Amino acid sequence: MEVKMKKQGDRRGAGITLFLFLALIAVSVLPGAYADAAATKLTVSSKEYNLSVEQLPNGVTKAYAKLHDTSLKAGEYELALFDSYEAMIAMEEALEAAGEKLADIDFLAMETILYQSDEDGDFYPVEERCGVTLICPIPSPLAANAEKVQITAVSDDGKLQRIASDFVEVNGVKCRKFDIGVFDTYAFLYKKTGTLTSGASPTPTKAPVKTPTPAPTKAPAKTPTPVPTKAPAKTPTPAPTKGAVTTPTSAPTKAPEKTPVPTKKPATPTPTKALAGGSTGNRPGGESSAGVTTTPVRDKTPQTGDDFSRAGYLMLFAAGAAGLGGILLYTGRKK
């Protein structure tokens, strides 16, 4: 009888011990397993979350954001959330590559772009990625399962990424709070059976650590610039002595003076006697004699023998004698 009671006592002690052990496990594990079951209420300050969010995805009316780098002027930046077709295709391809079945998943993908304004107030995409903390409401198509919605992303090489997020409530609206800036394409994702286990979990973007600017090195002492040597003073050219002929340097050679050749005055022409019959004379058509070269009128006075000189007679006589002698000589030879 005592042995039987002892065995029952041992069983009771073992049961109590097992109960305490299971209770300990439940206390330590269950709170963590259901931590996301209830959203944490959060009050958002517009002074802290001062980055404007534009181009919200479908089913989202307002979002809150802040830059990690507090030295940047938030008023010069804008964050846009585009639920584009390209973002949807990129997410589908990443899910399939990770072995997930699209029929078991609902998601809303969006492309995140940070803009900065220029001096004219126009906004342009920022080339480098900047860390941003985003509080975005769960899109209305996924709001029924808000507590089970996860945040995913697509890396530059097309791989699925799991992003750590907090389930919060702002002004009665269920939201997800997470960091962006490492990637460009993000998505709100709900898996119908279980939770998403595939994909890598990147480290959230941290605010850039500012490297202190080293103190500027003192500039080396300037070497004095040598004073330029003055140009030698010009020796003034002495004024020429009066009366002396100054020979100019490289004086041009004067052209030789041409000695004008005196032109002989033409002899006064002997006036031509007017043609008989007046100015027109007997010219046909009444031509004027001014344009016609007139033939000088020979003197018609008969000449007398007294006008022939003796030398002329002697020359005629000599010519005749020579001719006669020639005839006689020719005749004699022929005989």
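Confidence in the protein chain is lowest in helix H1 (residues 2-33), at a mean pLDDT of 56, and highest in strand S7 (residues 132-137), at 98. This is a predicted model, and such scores guide how to read it. Across the protein chain the average pLDDT is 74, and 54% of the residues score at least 70. Two stretches fall below 50. One is residues 26-36, which has five contacts in the model beyond near neighbours in sequence. The other is residues 241-253, with one contact of that kind. Where pLDDT is low, the predicted coordinates should not be read in detail.

Turn now to the sheet. Five strands make up an open sheet with mixed pairing, in the order S1-S10-S11-S7-S3. S1 and strand S3 (64-67) are the edge strands, and each pairs on one side only.

Start at the S1 end. Strand S1 (residues 40-41) runs parallel to S10, and two bridges join them. Here Lys41 stands opposite Glu169 in S10. Strand S10 itself spans residues 166-170. Is it mostly covered or mostly exposed? Mostly covered: four of its five residues are buried.

On to the next neighbour. Strand S11 (residues 173-180) pairs with S10 over five bridges, in the antiparallel sense. Two of the facing positions can be followed by name. Asp166 stands opposite Lys177 in S11. Phe167 has Arg176 in S11 as its bridge partner. S10 and S11 form a hairpin, with two residues between the strands. In this hairpin Asn171 takes a positive phi near 55°.

Ring pairs link Phe178, Phe183, Tyr186 and Phe188 into a cluster. A pair of aromatic rings is described by the distance of the centres and the angle of the planes. The count of aromatic pairs comes to three. Take Phe178 and Tyr186: the ring centres are 6.3 Å apart and the planes meet at 40°, so the pair is tilted. Why is the pair of Phe183 and Tyr186 also called tilted? The centres of these rings are 6.4 Å apart and their planes stand at 55°.

Phe178 is buried, because its relative accessibility is 2%. Tyr186 has a relative accessible area of 1%, so Tyr186 is buried. Phe183, at 9%, is buried too.

Conventions
Residues numbered from 1 in each chain as written. Predicted model: local features only at pLDDT ≥ 70, side-chain atom pairs only at ≥ 80, totals over all residues. Heavy atoms only, no water. Buried < 20%, exposed > 50% of the residue type's maximum accessible area, 1.4 Å probe, protein only. Pairing = 2+ DSSP bridges. pLDDT = per-residue confidence, 0-100. Contact = heavy atoms within 4.5 Å. Phe/Tyr/Trp six-rings, centres within 6.5 Å; stacked < 30°, edge-to-face > 60°.
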